[in-house]
Amino acid sequence: VSQPVETVFVERPDGRGFVGENRLALRERNLEANPEDDARLTSLDPTTSDFALQFLDWFRWLALVCHGLAAGYSLWQCVEVYVLSSVSNLESDFLLHYQKAAHALQCVYYFLLAICCVSVLDGYESAHAHSDSNFLRKFQLRPSYTLAVVVYFIGIIFSLSIASTDYRISLYEKRPDLWSDFLVENDASTVDCTP
């Protein structure tokens, strides 16, 4: 991380090289020569680094909100699927009730996981800014960050692996033939065998 230093290098008036000067003394000398420069310096437009720092602060706030939303959303989706599957006796009832939200909820969940994964990797790199540059060696140094990175990557892989199923669920009303084999197999396995 760069830190401000007291010495700045200023080009000589004759144009033959640079000379080191005290930053504060140079500023006071320039303000004595041109007092209107102080007002102009304080009203400068933000620099690229100012924008980058503001964006980083905004992204960390957004990521914190996304971590909370992803955790709450995961729990809510588990409860919703459990309630819908326990209330309905047939899989077709579950598909009928869940089909309107399946694809949209999967997209939102993937978006939240992507933001969270980028946030965890950013925090992981920020925590190791001064350490060895070997990426795999950093995994051994901080197991908590490593666990977070692995969990979010597994979450993204799992989310992508069930995306096609969620898409099929969302098409249940328009194309029930996509589920005909599954429903026939499950209806045959839930046949009541009591005398």
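Select helix α3 to begin: Phe-59, Ala-63, Cys-66, Ala-70, Tyr-73, Gln-77, Glu-80 and Leu-84 are its buried residues, where buried means under 20% relative accessible area, exposed means over 50% and partly exposed lies in between, with a 1.4 Å probe and protein chains only. Helices here are DSSP runs of H or I with at least four residues, strands are runs of E with at least two, and both are numbered from the N terminus. The model is a predicted one, in which local features need pLDDT of at least 70 and side-chain atom pairs count only at pLDDT 80 or more, whereas totals for chains, interfaces and linings use all residues. Residues are numbered from 1 along each chain as its sequence is written, and side-chain values use heavy atoms, with hydrogens and water left out.

**The whole chain**

Of the 195 residues, 22% are buried. A contact means heavy atoms within 4.5 Å; of the contacts between residues at least 6 apart in sequence, 54% join residues at least 24 apart. The accessible surface, from the Shrake-Rupley method with a 1.4 Å probe and, for residues, only the protein chains shown as cover, amounts to about 14,300 Å², and 63% of that surface belongs to carbon and sulfur atoms.

**Along helix α3**

Phe-59 counts as buried because its relative accessibility is 12%. Leaving aside residues up to four places away in sequence, Phe-59 touches Ile-115, Val-118 and Ser-119.

Leu-56 is partly exposed, at 26% relative accessibility. Its C-alpha atom is separated by 9.8 Å from that of Asp-122, 66 residues apart along the chain.

**Helix α7**

Select residues 143–161, which form α7; the 19 residues should span 27 Å, and the end C-alpha atoms, 26 Å apart, agree with this. Colour Thr-146, Val-149, Tyr-152, Gly-155, Ile-156 and Ser-159, which are buried in α7.

**Helix α8**

Ala-163 belongs to α8, residues 163–170. With a relative accessible area of 21%, Ala-163 is partly exposed. Ala-163 and Ala-102 lie 61 residues apart along the chain, and their C-alpha atoms are separated by 9.2 Å. The C-alpha atoms of Thr-165 and His-103 are separated by 9.0 Å.

**The largest pocket**

Which residues are the closest to the centre of the largest pocket? The space in this pocket is about 330 Å³. Of its 16 lining residues, Gln-77, Tyr-98, Phe-158, Ile-162 and Asp-166 are the closest to its centre. Two or more lining residues come from each of α3 (48–87), α4 (91–98), α5 (102–127), α7 and α8. With 5 residues, α3 gives the most.

Technical notes. The expected span of a helix is 1.5 Å times one less than its number of residues. On a 1 Å grid over the protein atoms alone, a cavity is a set of points where a 1.4 Å probe fits but cannot get out, and a pocket is an open set with protein on both sides within 12 Å along at least five of seven lines; lining residues have an atom within 4 Å of a point. Grid points are joined across faces, edges and corners, and a volume is the space filled by probe spheres set on the points.
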